[in-house]
Amino acid sequence: QVQLVESGGGLVQPGGSLRLSCAASGSIFSFYAVGWYRQAPGKQRELVAIIRRDDTLTYVDSVKGRFTISRDNAKNTVYLQMNSLKPEDTAVYYCNKFPPGADYWGQGTQVTVSS
């Protein structure tokens, strides 16, 4: 029923920045925590960041101090600001509720960090 659409990925040099967006078809973010996830080639999908209903923020250790998750409730959109990007951040990035729902995965957006 719910649709999540990721956007904002692209090719960026090491040390650069990108802002990813996750737009929901409805006010689903009022009912669930939201996570950003990523999957690099040959690796399992990894939880990167969470924003909970009470605005508590959680990050995986590898992105702490570099990534910031936020939301705009009026737009039903969650963002991931990524600064100081490293080649190891290269992956397809997805959003989903947290804990994730199998029917909520979208197309994802590709982030490539390379010189």
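1. Start with the aromatic residues. Tyr-37, Tyr-94 and Trp-105 are linked by ring pairs into a cluster. Note that the model is a predicted one. Over the whole structure, a search finds 2 aromatic pairs.

2. Trp-105 has 26% and counts as partly exposed. The cut-off for buried is under 20% relative accessible area.

3. Trp-105 has another ring partner. Tyr-94 and Trp-105 form an edge-to-face pair, 5.8 Å centre to centre and with 80° between the planes. Here the parts tied together are 11 residues apart in sequence, because Tyr-94 lies in strand 9 and Trp-105 in the loop between strand 9 and strand 10. Tyr-94 is buried, at a relative accessible area of 13%.

4. Which rings does Arg-45 lie over? One is Tyr-94: Arg-45 lies over its face, at 4.9 Å from the ring centre. Another is Trp-105: the charged end of Arg-45 sits over that ring, 3.6 Å from its centre. Both rings also belong to the cluster with Tyr-37.

5. Strand 4 covers residues 33–39 and strand 5 covers residues 46–51; they pair in the antiparallel sense over 5 bridges. Val-34 stands opposite Ile-51 of strand 5. The two strands form a hairpin, with 6 residues between them. Gly-42 sits in the turn and has a positive phi of about 75°.

6. Strand 5 also pairs with strand 6 (residues 57–59). The two run antiparallel and are joined by 3 bridges. Ile-50 stands opposite Thr-58 in strand 6. This hairpin has 5 residues between its strands.

7. Which residue in the hairpin of strand 5 and strand 6 takes a positive phi? Asp-55 does, with a value near 75°. Asp-55 is not a glycine. Most residues other than glycine have a negative phi. Asp-55 lies in the loop between strand 5 and strand 6. Its relative accessible area is 47%, so Asp-55 counts as partly exposed.

8. Asn-76 is a residue other than glycine with a positive phi, near 50°. Asn-76 lies in the loop between strand 7 (67–72) and strand 8 (77–82). Next, Phe-98 and Pro-99 are joined by a cis peptide bond, with omega at about -5°. Most peptide bonds are trans. Pro-99 is found in the loop between strand 9 and strand 10. Trp-105 lies in that loop too.

9. Move to strand 1, residues 4–7. Its partner is strand 3 (residues 18–24), paired in the antiparallel sense over 4 bridges. Leu-4 stands opposite Ala-24 in strand 3. Which face of strand 1 is covered and which uncovered? Leu-4 and Glu-6 make up the covered face, while Val-5 and Ser-7 make up the uncovered one.

10. Ser-7 has a relative accessible area of 35% and is partly exposed. Ser-7 and Cys-22 are 15 residues apart in sequence, yet 6.6 Å apart in space, C-alpha to C-alpha.

11. Last, the largest pocket. It holds about 170 Å³ of space. How many residues line the largest pocket? There are 13, and Arg-38, Lys-43, Glu-46, Ser-62 and Glu-88 lie nearest its centre. By class, the lining has 7 charged, 4 polar and 2 nonpolar residues.

Key: Residues numbered from 1 in each chain as written. Predicted model: local features only at pLDDT ≥ 70, side-chain atom pairs only at ≥ 80, totals over all residues. Heavy atoms only, no water. 1 Å grid on protein atoms, 1.4 Å probe; cavity = no way out; pocket = protein on both sides within 12 Å on 5 of 7 lines; lining within 4 Å. Points joined across faces, edges and corners; volume = space filled by probe spheres on them. Nonpolar A, V, L, I, M, F, W, Y, C, P; charged D, E, K, R; others polar. Pairing = 2+ DSSP bridges. Phe/Tyr/Trp six-rings, centres within 6.5 Å; stacked < 30°, edge-to-face > 60°. Buried < 20%, exposed > 50% of the residue type's maximum accessible area, 1.4 Å probe, protein only. Lys NZ or Arg CZ within 6 Å of the ring centre and 35° of its normal.
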